[in-house]
Amino acid sequence: MNPNYRQSLQQAHQMLRAGRGADCAQLCQQLLQQMPGEANALQLLALGQQQSGDVVGADRTFQAAIAASPQQPQALLAYAAFLRQQARFDEAEKQLQKALASAPDSPDVWQALARLHYQQENWPEAMRCITRATELAPQAPPFWELAAAIAQKQNDVAQALALCQKGIAHNPKAPRLHYSLAQLLRQECDFEEAAAAYQKALNLGFDQPDLYRNRAEALLDAGDIDAALACANTGVERFPGHPLLQRTAAQLSFSSGAKRDHLEKLRAAVKREPRNPALWQTLVQLMKRLGEESDVEKTLRDAKRLGCPETANLQVLAALDMAQRGQETAALDRLEQISSANPDDSYVQHYYAMQLLRCKEAERAEELCAQWLLKAPFDQTLLAYRGTALQLMGDPREDWLLDYQRMVVPVEVPAPPEYATREAYFEELTRVLEDLHHSNAQPIEQSVRGGTQTNGFLFRLKEPLLRGLETQLQLAIASALQTMPTDEDQPFWSRNTRPKLASDLRMAGAWSVRLRDQGYHANHIHPEGWISSALYISLPDEVQEGDGTEGHIQFGRPMMELGLDLAPRRVVKPVVGTLVLFPSYMWHGTLPFHSDQSRITVAFDLLPGA
């Protein structure tokens, strides 16, 4: 092969790595005119065609490349990867078996087989193949990463950890392996060790936004909110244009309880990257959460002036700001225009429906929700809006959608047999949960006002009492579901599969809330759930013994943002040890109370069993 030809092949490789598949294919076709049938050029041509979307041409060229070098496994591997991407799994396996026959000790072939079986969720076979790859090439970190991922898919976190640690023993300076180890340690709730592993990955060069965000979360779970905030702040200084990392830093700043501008770094970031619409959207959303509505109009004008693209989401935020400033009809007209231009955007349709309700256009709101629910029948936000529209219309279908007597279900949660009394059990739970509230203020983007909320999925923690509580809850819920109706035409009852085993229940999230004096939950719904809940762990004497409704949970009163003065449909007095279940799309909130004692709850969302 002459030097010019080799140089041209290198150039084609560079084009491919740069995502210029069409240019790569064109150059390779020119090379093949000089050297027809040359295997390397054929393989690069196939890859270029694949990258540029010419699936038929790529398939044909891959086969030609294999015919030109039938004993070379690389062409077979490339073709197999192409077939796997096309979900042509049987054909891909045939090519890999050919490669294995010609190179039985090739770790790359064994890894490719593992990836194929991984994609097909054949975990035992995937593990067998990747194990062979690690035996043949223990110095290859990606093989250990894949092995750990397969073990994790098999719900064997202990094996996944062991594989990561074994890979690190062979490759102590592999940053991604340390990151994978950190992720697994965090999953196992070894938060301090996870934070150290994230730091090791960073020291070795794994400098990515997700590392800072995940390490900050690990530090928060370890109880060190100041270190968590410092980590997130370092991350946004390194990656100022990353919206999710900016959101994490702002949330931690607010939750720390310190008096500062919690959006300072985000304001600086939009000036550095003024054409980043996701940054502007994050800034405006957080400004609204922090009570800075008066500055939103100017902020959105700045975004436009500095050349930020006017995405549908930013247009929605501008329309909502018009409504906030009293221009309700103009805001509705603008949202109607945005809705017409973005008919398949659920974010847009949600806010259009909301503004229709703000303007008391109940019939139009109901019609919009009903149309969208044909496409997404379990959209909890639209179900909530539809219920409010039906209420405004005086439509009897409200009772069908929201049966406040039958759908709000109090369930008594028993204490485990080792406790002499339920009081002793819930007193011990109170002590455990108190220690898990590491923040000093309410989370920015939750319904909590005047209190704190735990971080992450509560029942992942190793605390035996919480594991036991999860079991008690599952038993109580499974029993309650057996008594609930089923109705295939009703969006709440239709999802009741009446699971026979408590372990069949799926929790989409679980957390604890601690409210202080004058604390409450703003009225809200849970968009990702089916059934939502509140379990009362500890209640102030004033709530338990008072004659009024302080600290009670109310249902059916819409969120404040709708501007509708509707009375609650039902108010339930909390009782320690009682779990209240209700549809996730049912408006609910709590009433403020006055006490020196805390109101502590555990809440979670359920999804139907598989």
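Biologist: Which residues gather in a patch of negative charge on the surface?
Modeller: The model is predicted. Patch members must have over 30% relative accessible area and no salt bridge. The residues that gather in this negative surface patch are Asp517, Asp541, Glu542, Glu545, Glu550 and Asp596.

Biologist: Is aspartate 517 buried, partly exposed or exposed?
Modeller: Aspartate 517 belongs to the patch and is found in strand β3. Buried means under 20% relative accessible area, and exposed means over 50%. Aspartate 517 has 36%, so it counts as partly exposed.

Biologist: What is the phi of alanine 87?
Modeller: Most residues other than glycine have a negative phi. Alanine 87 has a positive one, though it is not a glycine. Alanine 87 sits in the loop between α5 (73-85) and α6 (89-102). Its phi is near 65 degrees.

Biologist: Where does arginine 498 lie?
Modeller: Arginine 498 is not a glycine, yet its phi is positive, about 50 degrees. Arginine 498 is partly exposed, with a relative accessible area of 32%. Its place is the loop between α27 (464-483) and β3 (506-521).

Biologist: How many disulfides does the count come to?
Modeller: A disulfide needs two cysteine sulfur atoms within 2.5 Å. By this rule the count is zero.

Biologist: How far from cysteine 129 is the nearest cysteine sulfur?
Modeller: Cysteine 129 is in no disulfide. Its relative accessibility is 1%, so cysteine 129 counts as buried. The nearest cysteine sulfur belongs to cysteine 164, at 19 Å.

Biologist: Which cysteine has the sulfur nearest to that of cysteine 164?
Modeller: Cysteine 164 is buried, with a relative accessible area of 0%. Cysteine 164 is in no disulfide either. The nearest cysteine sulfur is 17 Å away, and it is that of cysteine 189.

Biologist: What percentage of the residues of the chain count as buried?
Modeller: The chain has 28 helices and nine strands. Its C-alpha trace spans about 90 × 65 × 50 Å along the principal axes. Of its 610 residues, the buried share is 54%.

Technical notes:
Residues are numbered from 1 along each chain as its sequence is written. This is a predicted model: local features need pLDDT of at least 70, side-chain atom pairs count only at pLDDT 80 or more; totals for chains, interfaces and linings use all residues. Side-chain values use heavy atoms; hydrogens and water are left out. Helices (H or I, at least four residues) and strands (E, at least two) are DSSP runs, numbered from the N terminus. Buried means under 20% relative accessible area, exposed over 50%, partly exposed in between (1.4 Å probe, protein chains only). Patches are made of residues with over 30% relative accessible area and no salt bridge: like charges are joined within 9 Å, nonpolar side chains (Val, Leu, Ile, Met, Phe, Trp, Tyr) within 5 Å. Accessible areas come from the Shrake-Rupley method with a 1.4 Å probe; for residues, only the protein chains shown count as cover. A salt bridge is a side-chain nitrogen of Lys or Arg within 4 Å of a carboxyl oxygen of Asp or Glu. Lys and Arg count as positive and Asp and Glu as negative; His and the chain ends are not counted. The place of a charge is taken as NZ of Lys, CZ of Arg, CG of Asp or CD of Glu.
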